Amino acid sequence: MIKKFIRKILGVKNPDDTLDQGKASAKKNKPKVLSAKEHGIDPALVSNNAIRITQTLQDNGYKAFIVGGAVRDLLLGVKPKDFDVATNATPEQVKRLFRRAFIIGRRFQIVHVMFGQDLIEVTTFRGAAKHEAPKDEHGRVLRDNTFGEQHEDAVRRDFTINAMYYDPASQTVLDYHGGIADIRKKTLRIIGVPELRYREDPVRMLRVVRFAAKLKFTIDDDTRAPIKVMAPLINNVPSARVFDEMLKLLMSGHAMACLQQLRKEGLHHGLMPLLDVVLEQPLGERFVTLALANTDERVQQGKTVSPGFLFASLLWHQVLEKWEAYKVSGELPIPALHLAADDVLNTQTDALALQRKIGTDMRDIWAMQPRFEKRVGKAPYKLLENNRLRAGYDFLLLRCASGEIDAELGEWWTDFINGDEQERVRLLSIKPKAKSAESAPAKKRRPRRSPHRQSGGKPKAAPTE
């Protein structure tokens, strides 16, 4: 009794209390270990190159695990598209072990290990910063290269379902934050205090939407609550990072579901300018819906998807609106289209950080559309030689399917592309359908020619009285 009173006065901790705190801390840092029978991961779904990297690191005395989304997908019985590895080896130590390894990144250094065209990302366990990491005025972390222990790395990850570690050698899964339980409940839950985690990296708000739509998971109430209030923080993130995340979202195989989820959470403003306006227009909504459905289908079938085609589709109705405005103002159709494309691309390149190649692909697809209307002479044959024909043709079919233009044009080009020489000659002899009076653009009245130009002579002198 007296000893307790003295310790209280002097501020000395009870040795038993300190021991209890240490045990609690150790327990908190100790993961739940799941055996192969408990987690049910099929080893055949695991990348041989990812196994090769973990084995090489372990053979050299380091810890190494497959981590993040790959483990999440394996637990869901899905073959991951990408594999990431986490280790206690530093980037320099990792680089020395592999012939084709490259250290990249400023905010946090990682190593890209290449096996042919296969890229595996290797990260060093991240730790709690000894000194406050540099942040901007909104709380976003600018640079953080602090390495640490595995349990610290687990705390630094964004969602519980992405904070599990799989060791191919022992076929065990280490779960620090109840990720396996959240997967079974189909729940997305952020690790730590949501407001703080979103301030550190506002892109996490886009990630939670993408995962919810892609996995058909429910967002935990505490994780969802701050999003609508904190959504404007995304405006402070570099455009290139937002573009990368938007590209992942749109090419996830669940693009339409992602966009609907973005709108539901109030995150769509500024990410895809005027998207709401487009989706409120009957033709625009149908066109975008068809484009995204087409993209989702290709992704789910394992086919390649062109970012240029995707963004050309999303921004087409902005181009179409400006194109019509330029034609009404007196510009000829082709120059009017180029001016409209310039206007839209100049605006969106800054807003979305569009890469030059993507912008070029978009421009080529748009510029090809009027050429499909020329179905006489050598013009169709010249278009067949265009390297971007397939993309332009697919875009034409979208326009037909949405009701923007007559389906007959798409059918003609389908037959012309697939037909032999005899069939092509026959198609060229068919007179195209005349446009209806309602759909045909109003002809611009030519200015009346002066009498002297009609007669070809010089202007007559004015009669004198």
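**Charges in a predicted model**

The side chains of Glu 408 and Arg 375 meet in a salt bridge, 3.0 Å from N to O. This is a predicted model, where local features need pLDDT of at least 70, side-chain atom pairs count only at pLDDT 80 or more, and totals for chains, interfaces and linings use all residues. Residues are numbered from 1 along each chain as its sequence is written, and side-chain values use heavy atoms, with hydrogens and water left out.

Reader: How many residues apart in sequence are the parts that Glu 408 and Arg 375 tie together?
Author: A salt bridge here is a side-chain nitrogen of Lys or Arg within 4 Å of a carboxyl oxygen of Asp or Glu. Glu 408 sits in helix α23 (residues 407-418) and Arg 375 in the loop between α20 and α21, helices being DSSP runs of H or I with at least four residues, numbered from the N terminus.

Reader: Is Asp 182 buried or exposed?
Author: Buried means under 20% relative accessible area, exposed over 50%, partly exposed in between (1.4 Å probe, protein chains only). Its salt-bridge partner Lys 185, with closest N and O atoms 3.6 Å apart, counts as exposed at 56%. Asp 182 has a relative accessible area of 2%, so call it buried.

Reader: Which residue is linked with Asp 182 and Lys 185 in a network of salt bridges?
Author: Asp 182 and Lys 185 both lie in helix α8 (residues 179-185), three residues apart, about one turn of the helix. The network also takes in Arg 189.

Definitions and conventions:
Helix = DSSP H or I, 4+ residues; strand = E, 2+ residues; numbered from the N terminus.
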